[in-house]
Amino acid sequence: GDAVFYNCLISTCGKAGDLARAEAYFEELKTVEKPNAKTFSVLIDACIGLGDGAKALTYLEEGRKLGCINAHLTAQAIHAHKCLSRDGDGAAVLEEAMVLYEELREEGVKMDGVVMASLVGLAGAEDKH
């Protein structure tokens, strides 16, 4: 459907550093079709690429409400927390990431090795602060 086309547009804009345009395409997509997990993945990736962890987590929550969360998006959410840790209390950010991990696991998201590696990476990054 249209989501594949919009996902390509969102991804391209994100890679070009044009988050505003990526978000505009995301909003346009929502008028014609429900975003899917890939839509949220490319949008969250764009946010992380620009260091906007808070916005990435906002989109994660939107995807969560639509039932689009999978292990890949969980790993991205953990990476989004890395963006947050640059400006805040690293231990608190790690705790927030762990709470999100547990919530998603309890909601039935099947976790994989990439998620676990992301958690270990976040914990390791916090040890260096």
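Cys-8 is partly exposed, with a relative accessible area of 46%; partly exposed lies between buried (under 20% relative accessible area) and exposed (over 50%), using a 1.4 Å probe and protein chains only. The model is predicted: local features need pLDDT of at least 70, side-chain atom pairs count only at pLDDT 80 or more, and totals for chains, interfaces and linings use all residues. Residues are numbered from 1 along each chain as its sequence is written, and side-chain values use heavy atoms, with hydrogens and water left out.

The whole structure was searched for disulfides, and 0 were found. A disulfide is a pair of cysteine sulfur atoms within 2.5 Å. For Cys-8, the closest cysteine sulfur belongs to Cys-13; at 11 Å, this is too far for a bond. Cys-68 is buried, at 8% relative accessibility. Its closest cysteine sulfur is in Cys-47, 16 Å away, and again too far for a bond.

Nonpolar side chains tend to be buried together in soluble globular proteins. Here, the largest nonpolar core has 23 residues. Such a core is a set of buried Ala, Val, Leu, Ile, Met, Phe, Trp, Tyr and Cys residues joined through side-chain atoms within 4.5 Å. Phe-40, Leu-43, Ile-44, Tyr-59 and Leu-60 have the most contacts inside it. At least two core residues come from each of α1 (2–15), α2 (19–32), α3 (37–49), α4 (53–65), α5 (71–85) and α6 (90–106). These helices are DSSP runs (H or I, at least four residues), numbered from the N terminus. The largest share, 6 residues, comes from α3.

Leu-60 touches Ile-44, Ile-69, Leu-73, Ala-77 and Leu-100, not counting residues up to four places away in sequence. Contact means heavy atoms within 4.5 Å. A second, separate core has 8 residues, including Ala-71, Tyr-101, Leu-119 and Leu-122.
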